[in-house]
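User: I have a model open and some terms to sort out. Can we go through them one at a time?

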Amino acid sequence: MTAPRQPIELREFPRPDLPEGAVLLKTSLSEVCGTDVHLWHGRLAGVPYPIIPGHVSAGVVDAARGAVTGIDGSQVREGDRVVFFDVHRTCGRCRACTVHRTPTRCSSRRVYGITDSANEGLFGGWAQAIYLEPGVAIARLPEAVSLDDYIGGGCGLLTAVHIAERAEIRLGDSVVVQGAGAVGLSAIALARIAGASPIIAIGAPASRLALARGMGADVILDLAATTNGERRQLVFEATHGEGADVVIEAAGSAAAIPEGLDLARVGGRYVIAGHYTDVGDSSINAHQQINRKHLEIRGCWGSEARHFLRALSILERHPSIPFRSIGGRRYALHQLNDALGDAEAMRIPKALVDPWQ
Ligand SMILES: [Zn+2]
Ligand SMILES: [Zn+2]
């Protein structure tokens, strides 16, 4: 991706020399997600174009230099089927990392496929090989987890693990999830695992709401077929006339915020995770929607290595959750412009990239 709004170019790169502790992956599968569409639209700040997008990917170890230990404790060897945490170079020394314990806000942090320039090498999954520099968190993909489930969950699942942590969902909590994209769908599945009931999904189009049902939503509210007032009434009817214990925003629209504030019960919690790009101001009434409600509002930015490892455990322990259904069709490298177009038009929640197809 040479620049925003430009067609994707295919380029050849030299095979990198591996320093001690580095790994070269032969890419098996990567993804095109909403973030890639934002990158293509030039909506993210500080992106060093040209980049090789594809931040969550899986592959087979082609070469490893020296002894490399995975974050799961395994020895990384040639031929292993592995995955890696796309966030790297989190410093562990700055104030965000140490004093505030918010490492997802570390200013040294870089992300494969997003903030790593292609001028530095193979730092993205839309390629036949990925260079894993020393220090990147690598883990073996459990035998029982298919590539389609891992990439279908992908970045949305990692974000949702962090959301579930921030939301502190308790057994029997009623949960509203705003948005039925990759993040919202995974959040629904995790709310289910956490023991939430009922789980109410708000989104569109109908195809995504069908996926939401498959991921574990008890109630489906079609954004396009209901008014704000109707949705509020339906949520209150499902929650003893009170509103939800927890509301999760994974919609990324300014209008979702005042609605989400209204759907949370008095003393409830609202986790905002979908505003990954600036979509503008939301209009709220602090007296009615926050102060008088004694409401707790939490932001959720990015994910950490522990969310990555927990996502792997969830995939291994819950094979019945159809994460694979989030992934749409597979695209070859020469079809990436089509993949971006399909993701942009929301024809699919997520496209899979097979660079050897
Ligand atoms: Zn730091
Ligand atoms: Zn993504």
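**Terms and cut-offs**

Analyst: Arg89 sits in the loop between E4 and E5. Strands (E, at least two residues) and helices (H or I, at least four) are DSSP runs, numbered from the N terminus. This is a predicted model, where local features need pLDDT of at least 70 and side-chain atom pairs count only at pLDDT 80 or more, while totals for chains, interfaces and linings use all residues. Residues are numbered from 1 along each chain as its sequence is written, chains are lettered from A and ligands numbered from 1 in the order in which they are written, and side-chain values use heavy atoms, with hydrogens and water left out.

User: Why does Arg89 count as partly exposed?

Analyst: Buried means under 20% relative accessible area, exposed over 50%, and partly exposed in between (1.4 Å probe, protein chains only). Arg89 has 39%, so it is partly exposed.

User: What makes His240 count as exposed?

Analyst: Its relative accessibility is 75%, over 50%, so His240 is exposed.

User: How do you know which residues coordinate the zinc ion (ligand 1)?

Analyst: Donors are N, O and S atoms within 2.8 Å of the metal (3.2 Å for Na, K and Ca); water is not among the atoms, so sites may look incomplete. The SG atoms of Cys91, Cys94, Cys97 and Cys106 lie at 2.3 to 2.4 Å, so they are donors.

User: Why is the site of the zinc ion (ligand 1) called tetrahedral?

Analyst: Four donors count as tetrahedral if all angles lie between 85 and 135 degrees. Here the angles are 105 to 117°, so the site is tetrahedral.

Methods. Tetrahedral: all angles 85-135°; square planar, octahedral: opposite > 155°, others 65-115°.
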